[in-house]
Amino acid sequence: YYNNAEKLATTATGIDVTGTATMDGLTVEGASSVAQAQNTTLGTNVGLVVGTIGAAGGVGDLNQIGFHYNPSGSIPASIISSILTSTTGYTKSDLLFSTRDVTTNTAPTERMRIDASGKVGIGCSPDANLEVLDPVSGNFSGEIRVGGKGSSRRLLLRQDSATEYTIGASGSGALLKFATGDTPTERMRIDSSGNVGIGCVP
């Protein structure tokens with residue numbers, strides 16, 4: 001009790017806390033007769049659940065986990081959250097990853113989303129398996145780079161303007177190959193000088 005109001009109670013199923021619980025750390029463990037923190041089946045015996053028990057809430061409601069040094073009353077700099085997209089049945093939701101690029105006490109901005117169907121969007125709500133957009137309207141800097149650690153050479157997929165797109169290979173000596181087949185075989189290449197070879201090395 002605090003100030004004649006109940007704050008902590010033990011029940012038949014565990015502990016009920018009224019208000020905010022502040023602690024140096026949290027360890028979730030389990031035994032065979034209670035929920036376990038480890039299991040080989042996804043969704044079975046989940047060790048930690050963040051959300052509301054007994055009520056689905058409404059579409060757009062967020063369950064959030066924040067990360068950072070947190071002075072009293074401040075907004076976390078990075079947040080992972082689940083946003084309800086349907087309250088039908090057992091509900092469904094998207095998973096959001098948000099950060100802020102300033103040091104002021106402002107809310108983070110959503111950077112990446114995995115929707116309920118498994119589509120991934122960076123800078124957007126995805127309409128494809130993977131979608132990358134510049135989140136600022138009018139900017140055309142959506143870009144994907146693929147390469148090896150320690151090398152400056154990259155495969156590029158990039159939007160250059162409202163109507164121009166680039167598929168390229170960047171870096172000294174980099175060339176672009178086109179391959180087809182069950183075990184992809186090179187059919188065409190563009191070398192670093194711009195020479196094109198079809199069925200041959202130009």
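The protein has 0 helices and 14 strands, where helices (H or I, at least four residues) and strands (E, at least two) are DSSP runs numbered from the N terminus. This is a predicted model, in which local features need pLDDT of at least 70 and side-chain atom pairs count only at pLDDT 80 or more, while totals for chains, interfaces and linings use all residues. Residues are numbered from 1 along each chain as its sequence is written, and side-chain values use heavy atoms, with hydrogens and water left out.

Of the 202 residues, 15% count as buried, meaning under 20% relative accessible area, with exposed set at over 50% and partly exposed in between (1.4 Å probe, protein chains only). Among contacts (heavy atoms within 4.5 Å) between residues at least 6 apart in sequence, 11% join residues at least 24 apart.

Let me turn to one residue, D115, which sits in the loop between β6 (109–114) and β7 (120–122). D115 is buried and yet has no salt bridge, the nearest side chain of opposite charge being K119, 4.9 Å away; a salt bridge requires a side-chain nitrogen of Lys or Arg within 4 Å of a carboxyl oxygen of Asp or Glu, and Lys and Arg count as positive, Asp and Glu as negative, with His and the chain ends not counted. Setting aside neighbours within four places in sequence, D115 is in contact with S93, D94 and P126.

Finally, F67 belongs to strand β3 (residues 62–67), and F67 counts as partly exposed because its relative accessibility is 42%.
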